[in-house]
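Here's a quick tour for anyone meeting this structure for the first time.

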Amino acid sequence: MAHDPTGGLFGDRRKIALFERLPEMILVLDRDGTILHANGTLLRSLDHRLDDVVGTSALGDVHPNDLAYMAASLETRQADEGRSGMIVQVRVRHAEGSWHSCEIVGVSLLDDPEVEAFAVTLRDLGRATPLAG
């Protein structure tokens, strides 16, 4: 039997392969915003290791000046079950310390008994230029 790197979130090998190879970075979060899983694209793009990401807050690598905005966005998504949110742009920390501008959108499936998770996709727009504040 194939190892399921999603911890049982997906049932068959095709779904696992798709999840791991999608061009978008994906985080799977619990109700508290703790990272349950990150796909291979996120790990490669931001140079993180899965063990360093799982169990941490999804807001942990968000730029301090974008933190309140991102937290409010996550809270809004959780309250609007099953619908994708607006695309937000925030700065996310690369493993080597630089900030990358990312477009982020999420959907809450926390109340779906088949999923019970929050899915977030990220698109890296490159190194962020310094912003005021």
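How many cavities of 30 Å³ or more does the structure hold? There is one. Keep in mind that this is a predicted model.

**The largest pocket**
- A total of 21 residues line the largest pocket, and the ones nearest its centre are Leu27, Ile35, Ala58, Asp61 and Val92.
- Sort the pocket lining by class and you get 15 nonpolar, four polar and two charged residues.

**The largest cavity**
- The largest cavity has about 60 Å³ of space.
- Its lining includes Met70, Ser73, Leu74 and Arg77, along with Gly85, Met86, Val88, Ile104, Val105, Gly106, Phe118 and Val120.
- H4, strand E4 (99–109) and E5 each give two or more residues to this lining.
- H4 gives the most, with four residues.
- By class, the cavity lining has eight nonpolar, three polar and one charged residues.

- Helix H1 covers residues 13–21, and its buried residues are Ile16, Phe19 and Glu20.
- Looking down the axis of H1, these buried residues fall within an arc of 95°, so they line one face of the helix.
- Here's the general idea: an α-helix has 3.6 residues a turn, so residues three or four places apart point the same way.
- On the face of H1 turned away from the buried side, you'll find the exposed residues Arg14, Leu18 and Arg21.
- The cover over the buried residues of H1 includes E1, strand E2 (35–38) and helix H2 (40–45).

**The nonpolar core**
- The largest nonpolar core has 22 residues, and those touching the most other members are Leu27, Leu29, Leu42, Ile104, Val120 and Leu122.
- At least two residues of this core come from each of E1, E2, H2, H4, strand E3 (88–93), E4 and E5.
- Leaving out residues up to four places away in sequence, Ile104 touches Met70, Met86, Ile87, Val88, Val90, Val92, Val120, Thr121 and Leu122.

Technical notes
Residues are numbered from 1 along each chain as its sequence is written. This is a predicted model: local features need pLDDT of at least 70, side-chain atom pairs count only at pLDDT 80 or more; totals for chains, interfaces and linings use all residues. Side-chain values use heavy atoms; hydrogens and water are left out. On a 1 Å grid over the protein atoms alone, a cavity is a set of points where a 1.4 Å probe fits but cannot get out, and a pocket is an open set with protein on both sides within 12 Å along at least five of seven lines; lining residues have an atom within 4 Å of a point. Ala, Val, Leu, Ile, Met, Phe, Trp, Tyr, Cys and Pro count as nonpolar, Asp, Glu, Lys and Arg as charged, and the others, Gly among them, as polar. Grid points are joined across faces, edges and corners, and a volume is the space filled by probe spheres set on the points. Buried means under 20% relative accessible area, exposed over 50%, partly exposed in between (1.4 Å probe, protein chains only). The arc is that of the directions from the helix axis to the C-beta atoms. Contact means heavy atoms within 4.5 Å. A nonpolar core is a set of buried Ala, Val, Leu, Ile, Met, Phe, Trp, Tyr and Cys residues joined through side-chain atoms within 4.5 Å.
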